[in-house]
Amino acid sequence: MLTAHPTEVQRQSILDCEREIARLVATQPSPAREQALHAEILRLWLTAMLRLSKLTVADEITNALPISA
């Protein structure tokens, strides 16, 4: 996914994480749900909202390319 703004990929990952947290909160409580919820909250907490350094062209390419398995 190529974006018009270099922080869009980062914003999308934050939105994805928030959606997953909302989905988990709406499910039945279980140890597996609690573990997944903890992991998603930690991932959100560790995701920087703002970039502290300027992106290079290589960074933008890396962010836009799909991760290969």
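Okay, let's start with contacts: of those in this protein with a separation of 6 or more, 51% are between residues 24 or more positions apart. A contact here is heavy atoms within 4.5 Å.

Before I go on, this is a predicted model, where local features need pLDDT of at least 70, side-chain atom pairs count only at pLDDT 80 or more, and totals for chains, interfaces and linings use all residues. Residues are numbered from 1 along each chain as its sequence is written, and side-chain values use heavy atoms, with hydrogens and water left out.

The overall layout is α-α-α along the sequence, so 3 helices and 0 strands, taken as DSSP runs numbered from the N terminus (helices H or I, at least four residues; strands E, at least two). There are 69 residues, and 16% of them count as buried. Buried is under 20% relative accessible area, exposed is over 50%, and partly exposed is in between, with a 1.4 Å probe and protein chains only.

Now, Arg 33, in helix H2. What does Arg 33 touch, leaving out residues up to four places away in sequence? That would be Leu 24, Val 25, Thr 27 and Gln 28. A polar atom of its side chain is 3.4 Å from the backbone oxygen of Leu 24. And Arg 33 counts as buried because its relative accessibility is 14%.

Arg 33 also pairs with Glu 34 in a salt bridge, at 2.6 Å, N to O. For that term, we need a side-chain nitrogen of Lys or Arg within 4 Å of a carboxyl oxygen of Asp or Glu. Glu 34 is partly exposed, since it comes out at 39%.

The structure has 4 salt bridges. Another one sits in helix H2, where Arg 43 and Glu 40 are 3 residues apart, about one turn; they meet at 2.7 Å, N to O. Arg 43 is partly exposed at 39%, while Glu 40 is buried at 15%.

Over in helix H1, residues 8-25, we have Asp 16 and Arg 19, again 3 residues apart. Their salt bridge is 3.4 Å, N to O, and Asp 16 is partly exposed because its relative accessible area is 37%.

Last bit, the surface. Leu 42, Trp 45 and Leu 46 make a nonpolar patch with about 390 Å² of accessible area together. Trp 45, in helix H2, residues 31-46, is exposed at 67%. For the whole protein, the accessible surface is about 5700 Å², and 65% of that belongs to carbon and sulfur atoms. Areas are Shrake-Rupley with a 1.4 Å probe, and for residues only the protein chains shown count as cover.

Conventions: Patches are made of residues with over 30% relative accessible area and no salt bridge: like charges are joined within 9 Å, nonpolar side chains (Val, Leu, Ile, Met, Phe, Trp, Tyr) within 5 Å. A polar contact is a pair of N or O atoms within 3.5 Å; within protein, one must be able to donate a hydrogen and the other to accept it, and residues adjacent in sequence count only if both atoms are side-chain atoms.
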